[in-house]
Amino acid sequence: MSARPNSSILYKNFKKLLVSLFYIKCNSEFGLSESANSILENICDRFVVLQLLAQRNQAKDYSFSGLTPNLFLEVFAEVICGPIEAQMEHALCLFRRIYDNLSKITVSEKISELPLFFLFVEKLIAYCYGSEFYRKLGACRGLATLLNFNLSSRWMWMQESRIVRGLLFILKDVPACASEDQTKLVSSTLLDFLKLCHSNKDMFDSDLKSKNQYYFNQVMSILISELTNSNSFVRDVVHLSFKLLSECNGCEVVELLSPHRDRLLLPIFTKPWRALPFSLQIGYVDAVNYCLNLKPPLVNFSEELLRLLHEALA
């Protein structure tokens, strides 16, 4: 009798098979595009059924033929973050098909509880910190697709800090050759995500409002830490984020920043500027200028500020 194949070998082979199906689907020279697409759609439809079964009976493993949620989403994330545009688009279409099929069967709250969306974000976030810029853009496209899904507010808040960090990292690492459309894609995805998470607060009950405030404070801490970033584009996006969040909360930007004033200003006032890189000094000056231009100003004219200005001019 032949030995049963090792699970790791089966995993690798199945992954290669799925990636190959995307390649065949998007290459007309093979003449098998429709067949490959049919197989991929059937696998996605079967996967939807298995996910629903797993949700109803969590004690059982409903993976079939080695197709676990981890493998399935790893392949999708790899193709979406790959260099071939046609494959990326098709993978996004298939993922939308998965969501559409789920939404026909179960309600939004139940869909959000499925582990596949958590895993999908986890895979995409990993690519945000990769070295190749095209993979980062693919991850951004994948995250932008999630904005069109009717996932629960709680799910969005739980993912918010990870997604905001990942998108900000992409902006901090944008190469000089990147086009304006590419950088705009990342910034607009970040702003759209913040708006989706924090709009319509009047519709929340007291419990949801308290949970939203917890996640909101996490995001504010992330954004404040980037207000002094040496990259001017990152600083501009942070400014836009504060403006958007103030509109969502129905208050002025300074009211959002006041509870975090010490966290923002202490590093600026305590660090010796001469010891800092010139690009970071610019970030600090820009942050102070931004705080002074708020209405009312977040920074008051004081001896500390005067000393800071002297040091900047020295």
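Trainee: Which residue forms a salt bridge with Asp286?
Mentor: Arg235 does, and the closest N and O atoms of the two are 3.0 Å apart. A salt bridge is a side-chain nitrogen of Lys or Arg within 4 Å of a carboxyl oxygen of Asp or Glu. Arg235 belongs to helix H11 and Asp286 to helix H14, so the pair links parts that are 51 residues apart in sequence. Helices are DSSP runs (H or I, at least four residues), numbered from the N terminus.
Trainee: How far can I trust that?
Mentor: The model is predicted, so local features need pLDDT of at least 70 and side-chain atom pairs pLDDT 80 or more, while totals for chains, interfaces and linings use all residues. Residues are numbered from 1 along each chain, and side-chain values use heavy atoms, without hydrogens or water.
Trainee: Back to that pair. Is Arg235 buried or exposed?
Mentor: Arg235 counts as buried, because its relative accessibility is 6%. Buried means under 20% relative accessible area, exposed over 50%, and partly exposed in between (1.4 Å probe, protein chains only).
Trainee: Which residues do salt bridges with shared partners join into one network?
Mentor: Lys15, Glu74, Glu78 and Lys123 are joined in that way.
Trainee: And how many salt bridges does a search of the whole structure find?
Mentor: The search finds 11. One of the pairs is Asp45 with Arg97, whose side chains meet at 2.9 Å, N to O. Asp45 sits in helix H2 (residues 33-56) and Arg97 in helix H4 (residues 85-105), so this pair ties together parts 52 residues apart in sequence. Asp45 is partly exposed at 25% relative accessibility, and Arg97 is partly exposed at 27%.
Trainee: What does Glu85 meet in a salt bridge?
Mentor: Its partner is Arg141, at 3.4 Å, N to O. Glu85 is in helix H4 and Arg141 in helix H7, so the pair connects parts that are 56 residues apart in sequence. Glu85 has 44% relative accessibility and counts as partly exposed. Arg141, with a relative accessible area of 22%, is also partly exposed.
Trainee: A new topic: the backbone. Is the peptide bond from Lys295 to Pro296 cis or trans?
Mentor: That bond is cis, with omega near -5°. In general, most peptide bonds are trans.
Trainee: Where is Pro296 placed?
Mentor: Pro296 is in the loop between helix H14 (278-293) and helix H15 (303-313). Helix H14 also holds Asp286, the residue with which we began.

Conventions. Helix = DSSP H or I, 4+ residues; strand = E, 2+ residues; numbered from the N terminus.
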